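The sequence and the model are shown first, and selected local and overall features follow.

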Amino acid sequence: MDAAVIVVGAGPAGLTLAGELRLAGVEVIVLERLAQRTGESRGLGFTARTMEMFDQRGILPRFGDVETSNQGHFGGIPVDFAVLEGALQAAKTVPQSVTETHLEAWAVSLGADLRRGHEVLSIDDDGDGVSVAVRGPEGEQTLRASYLVGCDGGRSTVRKAVGFDFPGTPATMEMFLADLKGIELEPRMIGETLPGGMVMVGPLPDGITRIIVCERGTPPQRRTGPPQWQEVADAWKRLTGDDISHAEPVWVSSFGDATRQVTEYRRGRVLLAGDSAHIHLPAGGQGMNTSIQDSVNLGWKLAAVVNGWAPQGLLDTYHSERHAVGKRLLMNTRAQGLLFLSGPEVQPLRDVLRELTGYEDVAKHLAAMVSGLEISYDVGSGSHPLLGKRMPQVELTIGQRQKPVRELLHSARGVLLDFEDNARLRARAAGWADRVDIVTAEPGELTGASGLRGTSAVLIRPDGYVAWAAPGSHHDLPMALERWFGKPLAV
């Protein structure tokens, strides 16, 4: 074997996955077709949940001072994300190119083998491993690994080569995106609906302005390259009446509203993550964030299989958990597209939704959906409100030190928090100490929204989701530990 895992694609999903695997000591090769990063940035910023995940791994400081905001929208309807108590604010102006730069540095620093200029030609999963024919700077070669993960985008070579079904609906319109220099435009951060379509304007670092232009009635084009800048400027003028053709385009692109999702995220020893598994209208900037979260969900599970302690079926939970998340993502982005990009016939619906977002419960529901904070996995039945949900951002007292719970997840191991200094609890978990950190701690001041009041212990998966809590879980602790972390060692 050349590596335990080969990852195809060095975008946010592939780089995140490589880092997650290396935290568990798994040898990983990342194959990237491009010889160097393009510097282009379709994605912009990251959601509250991605902020939390980067914080869990200690990556967030790499980004320096990040501009954050609680202002968001659902299909162009403003939503105040401050209703999500205890959540980090979303980052608004971090270009995808910057995110990829920091993720690459993180993954490579952990020992990931990144090979640029390597194009995948064919894939053969023979049941015992996966062979990958690759063309690189030194010619063609065949690499072999126990598992292969396609993180190679919406036109995924891996998905096509292995024959994953990718049902959905094709694009019905074309939209333009351009990053500009030498122009100042009135910000339209959540977009503006106009008689002929929609425009969006947002400032980026270094004096760059991003615009998005959607002109209704423009069918998708079969393009072999990016659109000409004059096309974009002409569409802008038709919609707004303003001439911006004198601006200097830094980058011009087009995209559509195609919506597709693979029927299975795993086929044998080949798995898919990110845009390889799901494509959709980029409403609310959810695509890159969902892709990163796919990889955080998959990384520790695939590492557990490679390292030999995974319980039966753990890898299958990657599909069952993330396919449901992807399906819901496609639903909400289609809904936002109808609200944002349709004509005046939808205005009554917009007006009603705008009224409804004035109710805190509605605002919370939409904000949690778009930010990724609503996710809840099936970890077993019980009455505890945190079962299957993300561990909230709380401060802990461990010995004489104050430490946020997120720091306990830097190493991507499981964590058992004992809030009552319960020696019997710790003894019952001792057989998993090679995979789960057992920590006696006192939680700081808890709000009702934390879900932790009255809680004596919490088991947290490496991806930051609560797998068991007491009281309130119908599983006992050893049962939960074995479900997620395999058989215990003899102690």
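## Helix H2 and its surroundings

Gly58 follows helix H2 and has a positive phi, near 75 degrees. The structure is a predicted model, in which local features need pLDDT of at least 70 and side-chain atom pairs count only at pLDDT 80 or more, while totals for chains, interfaces and linings use all residues. Residues are numbered from 1 along each chain as its sequence is written, and side-chain values use heavy atoms, with hydrogens and water left out. Helices (H or I, at least four residues) and strands (E, at least two) are DSSP runs, numbered from the N terminus.

H2 is mostly covered, as nine of its nine residues are buried (under 20% relative accessible area; exposed means over 50% and partly exposed lies in between, with a 1.4 Å probe and protein chains only). Among these buried residues are Arg49, Glu52, Phe54 and Asp55. The buried residues of H2 pack against E3, E4, strand E7 (90–95), helix H3 (96–109), helix H6 (286–306) and H9.

## Overall architecture

The protein chain contains 11 helices and 28 strands. For 491 residues, a compact globule would have a radius of gyration near 23 Å, and the 23 Å of the protein chain agrees with this; the radius is taken over C-alpha atoms, and the globule rule is 2.2 Å times the number of residues to the power 0.38. Along the principal axes, the C-alpha atoms fill a box of roughly 75 × 60 × 40 Å.

Of the 491 residues in the protein chain, 54% are buried. Among contacts (heavy atoms within 4.5 Å) with a separation of 6 or more, 69% are between residues 24 or more positions apart. The protein chain exposes about 20,900 Å², of which carbon and sulfur atoms supply 49%; accessible areas come from the Shrake-Rupley method with a 1.4 Å probe, and for residues only the protein chains shown count as cover.

## Aromatic pairs

A search of the whole structure finds seven aromatic pairs. The rings of Phe46 and Phe63 have centres 5.2 Å apart and planes at 70 degrees, so this pair is edge-to-face. Rings of Phe, Tyr and Trp (its six-membered ring) pair if their centres lie within 6.5 Å; planes under 30 degrees apart count as stacked, over 60 as edge-to-face and the rest as tilted. Phe46 belongs to strand E3 (residues 44–46) and Phe63 to the loop between helix H2 (48–56) and strand E4 (68–69), so that the pair links distant parts of the chain, 17 residues apart. Both Phe46 and Phe63 are buried, and ring pairs link Phe46, Phe54 and Phe63 into a cluster.

Tyr377 and Tyr465 form a tilted aromatic pair, with 4.8 Å from centre to centre and 55 degrees between the planes. Tyr377 lies in the loop between helix H9 (360–371) and strand E22 (395–398), and Tyr465 in the loop between strand E27 (457–460) and strand E28 (466–470), 88 residues apart. Both Tyr377 and Tyr465 are buried.

## Selected buried positions

Thr333, in helix H7 (residues 316–341), is buried with a relative accessible area of 0%. Leaving aside neighbours within four places in sequence, Thr333 is in contact with His280, Leu281, Ala283 and Gln286. Val134, in strand E10 (residues 130–136), is likewise buried with a relative accessible area of 0%. Beyond neighbours within four places in sequence, the contacts of Val134 include Leu31, His118, Glu119 and Leu143.

Gly451 is found in the loop between strand E26 (442–443) and E27, and is buried with a relative accessible area of 14%. Not counting residues up to four places away in sequence, Gly451 touches His384, Pro385 and Leu386. The C-alpha atoms of Gly451 and Leu387, 64 residues apart along the chain, are separated by 9.8 Å.

## Backbone features

Most residues other than glycine have a negative phi, and most peptide bonds are trans. Asp206 is not a glycine, yet has a positive phi of about 65 degrees. Asp206 lies in the loop between strand E15 (197–204) and strand E16 (208–215), and is exposed with a relative accessible area of 73%. Asp421 also has a positive phi, near 50 degrees; Asp421 lies in the loop between strand E24 (414–418) and helix H10 (423–429) and is exposed, at 52%.

A cis peptide bond joins Ala470 and Pro471, with omega about -10 degrees. Pro471 lies in the loop between E28 and helix H11 (477–485).
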